[in-house]
Amino acid sequence: MSSEGYSVGSVAKIAKVTVRTLHHYDEIGLLSPAGRTRTGYRRYQDADLDRLQQILFYRELGFPLEEIAAILDDDSVSPSEHLRRQHRLLTDRIRHLQDLATAVEHAMEARRMGIQLSPEEKFEIFGEGYQEEWEQEAEQRWGDTAAWAESQRRTGGYDKADWQRIQAEMADLNTRLVEALTAGEPADGAAATDLAEAHRQHIRQNFYDCTFTVHRGLAGLYVSDPRWTTTYENLAPGLAQWLHDAILANADRHEKA
């Protein structure tokens, strides 16, 4: 930075915002640059960039500009407290996204298996990410398979409570998968393959006879279909590949037994 500070164009480039945005922040008093050149051009200092970083953080979390101004102008809050607050907000956002990811996973499982619920119940159980067209896609893709016929027969008798139970079971299994991955368990180790087997049994008990061959096929979807991959990656980075490898390792150990 020169002794005169940063130009508005430089700040816009650094922060990846528009010059118009910076002008607006100045006009409403949210971020007014520390100085001006002799010709009247805005010049920003390091402290201004620090404030802009805070503004953009709260904007990313959906805070209105008026509330951001009140937060940042509260002199009773120290920089350390701002960081603690941001950490809490991020933790809450991560937890919310994990809940959404779980809901999407169950919705994807449901559209592949078919469900007998009202549209209102589907959205209540499977969350905001649920899309009814997934069911049509599932039938087009697997409608002529024995697994589809079996799942239709079995899930046809499920009610709302059954789907809530299945969702809770899968959420618990996902938590255990994330914990194992985070703990550094190898995908071909006993802990991982036991979880892979629990995953297979969950499908067998609730939907259809998931053989090891079928389970291998599902594992392939987890790394080849962006929707499945995103679901697991949102739970924990690397989980899609790790679960894929664990499923294959589990199938290998049983087929060799």
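A search of the whole structure finds 3 aromatic pairs. Rings of Phe, Tyr and Trp (its six-membered ring) pair if their centres lie within 6.5 Å; planes under 30 degrees apart count as stacked, over 60 as edge-to-face and the rest as tilted. Two of the pairs are set out below.

| Pair | Distance of centres | Angle of planes | Class |
|---|---|---|---|
| Phe57 and Tyr58 | 5.3 Å | 80° | edge-to-face |
| Tyr58 and Phe63 | 5.2 Å | 70° | edge-to-face |

Phe57, Tyr58 and Phe63 form one aromatic cluster. Phe57 counts as buried because its relative accessibility is 17%, and Tyr58 counts as buried at 0%. Phe63 is buried, as Tyr58 is. Here, buried means under 20% relative accessible area, exposed over 50%, and partly exposed in between (1.4 Å probe, protein chains only).

The model is predicted: local features need pLDDT of at least 70, side-chain atom pairs count only at pLDDT 80 or more, and totals for chains, interfaces and linings use all residues. Residues are numbered from 1 along each chain as its sequence is written, and side-chain values use heavy atoms, with hydrogens and water left out.

The protein contains 13 helices and 3 strands; these are DSSP runs numbered from the N terminus, helices being H or I of at least four residues and strands E of at least two. Of its 257 residues, 42% are buried.

The largest nonpolar core has 32 residues, and Leu177, Leu218, Tyr222, Tyr232, Leu239 and Trp242 have the most contacts inside it. Such a core is a set of buried Ala, Val, Leu, Ile, Met, Phe, Trp, Tyr and Cys residues joined through side-chain atoms within 4.5 Å. At least two residues of this core come from each of α9 (160-182), α10 (190-206), α11 (212-224), α12 (226-235) and α13 (239-256). The helix that gives the most is α9, with 8 residues. Apart from this core lies another, of 22 residues, including Leu31, Tyr44, Phe63 and Leu72.

Leaving aside residues up to four places away in sequence, Tyr222 touches His199, Trp228, Thr229, Tyr232, Ala240, Leu243 and Ile247. Contact means heavy atoms within 4.5 Å. Among contacts in the protein between residues at least 6 apart in sequence, 64% join residues at least 24 apart.
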